[in-house]
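Hi,

Here is the structure I promised to pass on.

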Amino acid sequence: MSGHYLLDTNIFIQAKNLYYAFDIAPTFWRKLNQLAQNNRFSIIDHVKRELTKSRENPDDIHIWIMDTYSGEILSTNDLSVLEKYREITERIVEDNNKGFNKYNQDAIDTFLYYYNADA
């Protein structure tokens, strides 16, 4: 495994729900945190927000992100990130307007909503 990865919300949710529940596979979550500490992957601020949105009834992922996760959380408010996002969204809209329908409209709408972690 080489390189640095950017993990999305579904990686954590599917791991918890399908194979690596916190009470069944605590070693998985310790290793995941170790990989984060060693800068093997990061998450963005929108992913953190999605994983910690249930403040009234926090689940295991919420608690893990807030209390244990020690990797980098990248800000999407960085000017260089915003500029790249603008370039990508302009290209998607332009291609779609030209009839190059590479993506369905629901996917485009989801991507164009900046506060969604998928964007």
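Thr 9 lies in helix α1, and its side chain makes a polar contact of 2.5 Å with the side chain of Glu 50. A polar contact here is a pair of N or O atoms within 3.5 Å; within protein, one must be able to donate a hydrogen and the other to accept it, and residues adjacent in sequence count only if both atoms are side-chain atoms.

Before you read on, note that this is a predicted model, where local features need pLDDT of at least 70 and side-chain atom pairs count only at pLDDT 80 or more, while totals for chains, interfaces and linings use all residues. Residues are numbered from 1 along each chain as its sequence is written, and side-chain values use heavy atoms, with hydrogens and water left out.

Now the overall picture. The protein has six helices and three strands (DSSP runs numbered from the N terminus: H or I of at least four residues for helices, E of at least two for strands). From the N terminus, the order is β-α-α-β-α-α-β-α-α. Of the 119 residues, 30% are buried, and the C-alpha atoms fill a box of roughly 50 × 30 × 25 Å along the principal axes.

Next, two helix pairs. Helix α1 (residues 9-19) and helix α4 (residues 60-67) have axes that come within 10 Å and cross at roughly 125 degrees (axes are lines fitted to C-alpha atoms, for helices over the stretch in contact, and angles run from 0 to 180 degrees between N-to-C directions). In α1, Phe 12, Ile 13 and Lys 16 meet Asp 60, Ile 61 and Trp 64 of α4 (contact means heavy atoms within 4.5 Å).

Helix α5 (residues 79-97) packs against helix α6 (residues 105-112) at about 155 degrees, with the axes 11 Å apart. That makes α5 and α6 roughly antiparallel, a label for angles over 145 degrees. On the α5 side, the residues that meet α6 include Tyr 85, Ile 88 and Ile 92, while on the α6 side Ile 108 and Phe 111 are among them.

Cheers

Key:
Angles under 35 degrees count as roughly parallel, over 145 as roughly antiparallel, 65 to 115 as roughly perpendicular and the rest as oblique. Buried means under 20% relative accessible area, exposed over 50%, partly exposed in between (1.4 Å probe, protein chains only).
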